[in-house]
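Here is a note for a colleague who is opening this structure for the first time. Please keep the view at hand while reading the points below.

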Amino acid sequence: MSVTTKATIASFGGKLLKCTHNASTTNCEMGFNLYMPPQAILNSLHRVPLLIYLAGLTCTGDNGTEKGFFQHAASQKRIAVLYPDTSPRGLGIAGEDDSYDFGSGAGFYVDATKEPWSKGYNMYSYITSELPKTVSDAFKQIDGSRVSIFGHSMGGHGALTLFLKNPGKYRSVSAFAPIANPSNCDWGRKAFGGYFGEDNKPKWAEHDATELVKSWKGEPLDILIDVGTADNFYKQGQLLPENFEKAAEGKGKVNIRWQDGYDHSYFTMATFADDHVNHAAKYLLG
């Protein structure tokens, strides 16, 4: 599918592109932002790896670009950063705009199996297949063989599950305050019940990082996770990183860093943004 670039913004020596395209998986026009580091702008033949950032509930591709400050380290490491949207938009499904944690802005990076959501809420296929191909086809500087993924909250859930479901597809994964065990928290139960059905618990497990990591057979894990001790959603039991950490025992390294006094906001992500880009760079550039 062709890509339309609607704006180009200078950022840390590179360019942030605001783009749209018509997506077949979601049956609508989708927006995304793409940061191209200086090297890819100065030389169109210079190929750079790609780091995909998955955002949290209510977000679009703009939140991470404007408040995450991932471009800073990405420019230094010569890495492109892709910022997708979090759901289809404007499908006209009854109830899709009724709440912040289901429907619009809350696609949960799954392919819905329950009607009417299955008509377009296919963010798993969009992120893992259609969008990367679209971007690689449109921007020849992107090296589609070198891709890593990370995310925040719902996007942290997405990053962990997409990595674990597709061994070898992504070079690395990290997360800020991920919804790490959605089958056992209110956000996840609402999303999975709506997209898969209340009784389809096997399908829930297929998109639950804590369940997926138990059967991990790939290379030893090296996962960076930051969680703030002042994160109200952690205190409410929405994140459950301890469950993921326990399930991952014997599978490699899961480095959960408890950041004293930090909350669930982009202030936390901006503070530790360079660490997560550098974590990806170890694998993208190695």
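**Pockets and sheet**

1. In the second largest pocket there is about 170 Å³ of space, a volume being the space filled by probe spheres set on grid points joined across faces, edges and corners. A pocket here is an open set of points on a 1 Å grid over the protein atoms alone, where a 1.4 Å probe fits, with protein on both sides within 12 Å along at least five of seven lines, and lining residues have an atom within 4 Å of a point.

2. This is a predicted model, in which local features need pLDDT of at least 70, side-chain atom pairs count only at pLDDT 80 or more, and totals for chains, interfaces and linings use all residues. Residues are numbered from 1 along each chain as its sequence is written, and side-chain values use heavy atoms, without hydrogens and water.

3. Of the 13 residues lining the second largest pocket, Leu 57, Thr 58, Cys 59, His 152 and His 264 lie nearest its centre.

4. The largest pocket holds about 220 Å³ of space; among its 17 lining residues, Phe 163, Arg 171, Trp 216, Glu 219 and Pro 220 are the closest to its centre.

5. Nine strands, listed as β1-β2-β3-β5-β4-β6-β7-β8-β9, form an open sheet with mixed pairing, where strands are DSSP runs (E, at least two residues) numbered from the N terminus and two of them pair if DSSP finds at least two bridges between them. Its edge strands, each pairing on one side only, are β1 (3-11) and β9 (252-259).

6. Strands β3 (residues 28-36) and β5 (residues 80-84) run antiparallel and are joined by 4 bridges.
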